[in-house]
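Biologist: I'd like to learn how to read a few features off a model. Can we go through some together?

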Amino acid sequence: MAGNLSLLVFSPLVFGILLLVVRKKGNWIGILATFFPVIVGSFFFHQYFKKGIQSISEKWPWISFHPKGFDSLKDPSFLTIDYELQLDGISLAFILLTVLLTFLAAILSWNIEKHRNLYFLLLLLLEIGMLGLFVAANLFLFFIFFEMTVVCLFFLSGKYGEKGKEKAAFHLLLYNGAGSAFLLFAIVLLFLQTGTVHIEQLQHLLHTGSVQLNELTKWSIVLSILIAFGIKMPVFPFHQWMVLMHSHVHPAIVILHSGVLLKIATYGLFRFGIGLFPNEWEKISGLLLFFALVNIFYGSLFALRQMDLRRVWAYGSVAHMGFVLLGLALGSETGIRGALFQSISHGLISGLLFLIVALILTRFKTTDIGKLSGLRQGSPFAVFLLFVGGMASLGLPATSGFIGEFLVILAAFEHHPMVGTLASVGIVLATGYILRAILSISYGPLPSMEGEKGTTKDFYSDFSDENKGNNWKWNMEKKRDPRVTYEVYEWLPAIVFVLFLIGLGIYPQWLIEFFVGA
Amino acid sequence: MDFSYEWHVMTPEFSILMTIILIGILDVLLPKKIDRKWFGWLAVGGTFLSFGLFLTLLPLDRTSILFDTFIFDSFAKGFKFILLFGGTLLLLLAVGSKKEQGMEKYEMEFYVLLLTALFGGMMITSSNDLITLFIGLELVSVSSYVLVGMNKWSKKTNRAALTFLMNGSLATAITLFGMSYLYGIAGTTQLQTFLQHFSEVSNPATRYLYIIGFCFLFIGLSFKWTTMPFSLWAPDVYEGAQTIVTAFLSAFSKIIGLIMFFRLIFTVFSETVLDQHVMFSIFQNSLLILALLSMTFGNMMAIGQRNVKRLLAYSSIAHGGYMLAGIASFSAHSMEAVTYYFLVYSLITIGAFTIVSYITDGNEADEQTFTGLFKTTPLLAISLTIFFISLAGLPPTAGFIGKWKLLISIIDGGSPIHYVTAIGMIGMTIVSYAYYFRIMASMYFQYPNKEEKFSVRLPLVILLFLCIAVTFLIGLLPNFGTPTWI
């Protein structure tokens with residue numbers, strides 16, 4: 001088995017290397033390179049469920065930090081860091097989400113022309129980072145992959161998007177940098193106190209009490225971890241960067257950002273918060289519940305008064321991540337499963353929602369709710385998608401959104417009925433902001449659009465702060481009315497998203513099986 | 001007394017010295033019309049020879065010659081390796097880059113001075129005596145004064161040279177003053193016997209003399225490695241000097257100062273017990289605070305800079321702070337961490353300055369020059385990105401492992417001030433993202449002001465390849481960066 005997990009993590013590069021050599025057809029290579037991880041991922045899926053292997057791991061000796069004069073025979077593993085990867089059900093769920101979303105995002109990026117090879121290369125490096133951090137078996141590797149995602153995302157978001165993208169990129173960098181600074185501090189402290197960064201060993205050491213941390217150390221580690229992932233999630237006061245990212249960056253990147261990268265927070269809090277410090281977690285769960293509710297209400301209320309569709313989705317994400325935090329904060333089995341389910345399902349939902357954003361942007365050049373109307377006549381397919389995405393997002397039964405929120409609220413009612421009630425009110429608010437956005441876009445008269453049939457004007461040029469080169473160039477010279485017809489690279493990912501959303505809503509057990517260990 | 005010294009431990013130094021003499025003589029003897037350009041390759045050859053000889057010496061145990069003033073121990077091995085490596089890279093950079101206007105005539109002087117500085121640095125790593133330490137230091141200082149001021153037609157350079165000379169000579173005087181106190185207490189200049197002499201001192205009042213001595217020594221030396229509050233000369237000098245000389249000051253002369261300080265702490269200060277006080281612990285906190293201050297100052301000032309050389313000067317002040325913190329924490333991990341960081345730092349600084357020199361081509365290093373670099377010369381842009389990411393301490397480059405090791409070494413100290421320093425260091429790293437990534441953003445996200453491609457020069461390509469390869473090699477496999485013989 002050795003080496004297989006590395007193959008999974010670095011699988012995007014197998015064909016991605018071609019991007020360095022071949023100048024043309026970058027989009028084909030990019031799609032091929034992101035498809036390969038899907039195959040490898042399904043191979044692991046097959047092994048995990050069909051063969052009943054519970055966890056797959058891989059280990060190579062790597063670095064030792066023995067101080068001078070240290071007797072390495074006594075305890076050779078002390079202060080060493082190995083290259084260790086481990087895959088269990090929860091990692092696998094996130095891995096599958098990652099490979100799927102990256103593949104679909106790559107398809108959606110078909111039209112990118114500005115430095116196309118660089119774009120796909122960065123996308124693949126980002127995928128490596130994401131895959132790596134979900135299978136990293138120690139905190140050090142986790143951190144390395146975590147930082148890798150931040151750097152790749154910085155370049156992707158700063159280069160591909162519309163006006164304001166650079167500001168968004170710097171917000172991303174500095175907020176996430178601050179987060180990873182806290183994380184780094186926590187990791188170094190843990191490493192020095194326990195001599196290891198391996199997650200299972202740490203669990204063992206901390207739970208059996210073979211390593212006693214003093215209160216100050218323990219709490220500074222717990223709080224650092226909370227702040228680090230709180231920024232990533234994002235929890236209320238730290239959400240500004242994420243709203244900027246959502247509203248200024250190319251939708252294909254936002255799909256990954258909102259779909260996978262925010263979920264790192266769920267994964268991290270679950271693995272390192274609950275996993276390593278269950279007692280401390282219980283003690284501060286009250287505070288976390290408060291923040292979760294703040295997130296839900298703040299996100300929903302702000303989403304209600306946004307005029308930009310992308311900002312509605314962004315604040316909606318804040319609210320949805322509030323549910324995730326709520327489930328994690330409850331700490332019960334149902335709660336955690338609900339949170340994990342909600343993470344995966346929200347990944348798919350926001351994938352679909354931002355795919356719609358891409359469709360609307362390419363056709364109508366704007367996502368302003370005030371300007372858009374009557375999409376039902378001009379673009380029925382987009383409206384269909386909007387309804388599926390919106391319904392899933394507001395938690396209508398038979399969509400995956402329902403299951404996650406239902407599990408979380410169920411868990412909340414077990415111990416904190418008041419919290420459960422409030423969270424339910426949050427769902428009602430979600431109905432409000434989503435229906436407001438969808439209805440005002442879908443109905444009403446078709447406005448006169450600038451990008452009329454047969455214009456060759458690049459639709460993106462008037463937003464763009466630079467006039468040369470466009471991010472998405474939409475071929476307006478086609479004979480068909482582009483507002484009604486859809487290209488393969490548009491409807492194919494959309495259909496996949498819809499299938500997954502409804503499939504998971506009807507048969508959630510399929511996904512919950514991944515979380516058996518939790 | 002046995003005078004049959006084991007001279008062979010000095011062969012690396014000798015080969016450098018012979019190269020210096022050879023270049024000097026050849027310049028005098030050769031007819032004027034012969035191009036002096038290949039002197040650079042001669043110098044590179046000399047360092048290669050020295051490097052080879054050094055490698056053959058590695059199996060040796062601790063050896064000392066010249067009445068124990070010149071020693072070859074694990075400390076010397078580790079740092080000599082870094083210096084030779086950095087020196088070779090610097091020479092490659094000098095060979096490859098275009099000289100400033102009017103500097104073509106001074107090939108000989110340039111290489112001789114660079115080699116002399118290298119020679120001085122190597123002497124410092126091995127010396128076990130205040131006198132030889134001082135001589136080594138002066139060799140480095142004097143050659144750098146001349147190097148900075150070589151372009152005598154430029155106003156900026158003249159100002160830089162004068163600033164540097166004034167500050168530097170003052171610093172030297174202060175260092176010497178501090179040394180004289182130590183000599184006064186111990187009655188010897190031999191580092192090894194210092195300890196023994198100190199322990200014999202019974203008068204408690206000498207403690208204060210000792211503290212004064214240490215402080216002066218520290219202040220004098222800290223001019224060299226530019227930490228707060230003795231760092232204000234750096235930006236002006238870095239900006240005014242030729243880019244190669246700036247690289248030399250930033251990557252080489254800085255490290256030499258730190259090596260000297262580390263040697264003194266390592267052998268003398270850390271173990272001195274005077275009047276039941278471990279002397280180093282008295283200074284430790286203030287050193288850590290100074291380190292913290294220079295990280296903060298350097299990074300904060302760098303944000304506002306528009307001239308890349310000035311920016312790198314402030315960033316180098318910040319890095320001086322990181323390294324000083326690593327030395328001052330003086331835990332079990334310090335030696336390894338600091339050695340590793342020196343190696344990484346000199347590597348990536350030289351790499352970064354290589355590209356700066358490449359792009360500015362002897363002109364002003366304004367940030368505008370870097371705009372849209374990715375569009376014109378992607379390879380240079382990507383290389384600079386790697387160096388900046390490494391300087392910012394992001395994985396998977398060696399800069400991250402270096403920061404990680406320094407952090408371990410600092411936190412391992414265990415006292416609250418250590419924690420504060422560690423937190424400050426992590427926080428300041430984030431601040432440093434702001435300016436490293438600002439330049440990267442202008443390279444990638446914006447369009448070039450003028451479309452011009454930069455021609456490729458072979459020595460620079462070799463150099464960049466070396467720097468990048470080693471940065472990734474020791475970043476991904478850090479055990480390579482800390483050889484067992486250190």
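Biologist: Which residues does Thr88(B) touch, not counting residues up to four places away in sequence?

Modeller: First, the ground rules. This is a predicted model, where local features need pLDDT of at least 70, side-chain atom pairs count only at pLDDT 80 or more, and totals for chains, interfaces and linings use all residues. Residues are numbered from 1 along each chain as its sequence is written, chains are lettered from A and ligands numbered from 1 in the order written, and side-chain values use heavy atoms, leaving out hydrogens and water. Contact means heavy atoms within 4.5 Å, and Thr88(B) touches Thr47(B) and Phe48(B).

Biologist: Is Thr88(B) buried or exposed?

Modeller: Buried means under 20% relative accessible area, exposed over 50%, partly exposed in between (1.4 Å probe, protein chains only). Thr88(B) has 7%, so it counts as buried.

Biologist: What describes two packed helices?

Modeller: The angle between their axes and the distance between the axes. Here, the axes of helix 4 (residues 107-126) and helix 5 (residues 130-148) of chain B come within 8 Å and cross at roughly 155°. That makes helix 4 of chain B roughly antiparallel to helix 5 of chain B (under 35 degrees is roughly parallel, over 145 roughly antiparallel, 65 to 115 roughly perpendicular, the rest oblique).

Notes:
Axes fitted to C-alpha atoms, helices over the stretch in contact; angles between N-to-C directions. Helix = DSSP H or I, 4+ residues; strand = E, 2+ residues; numbered from the N terminus.
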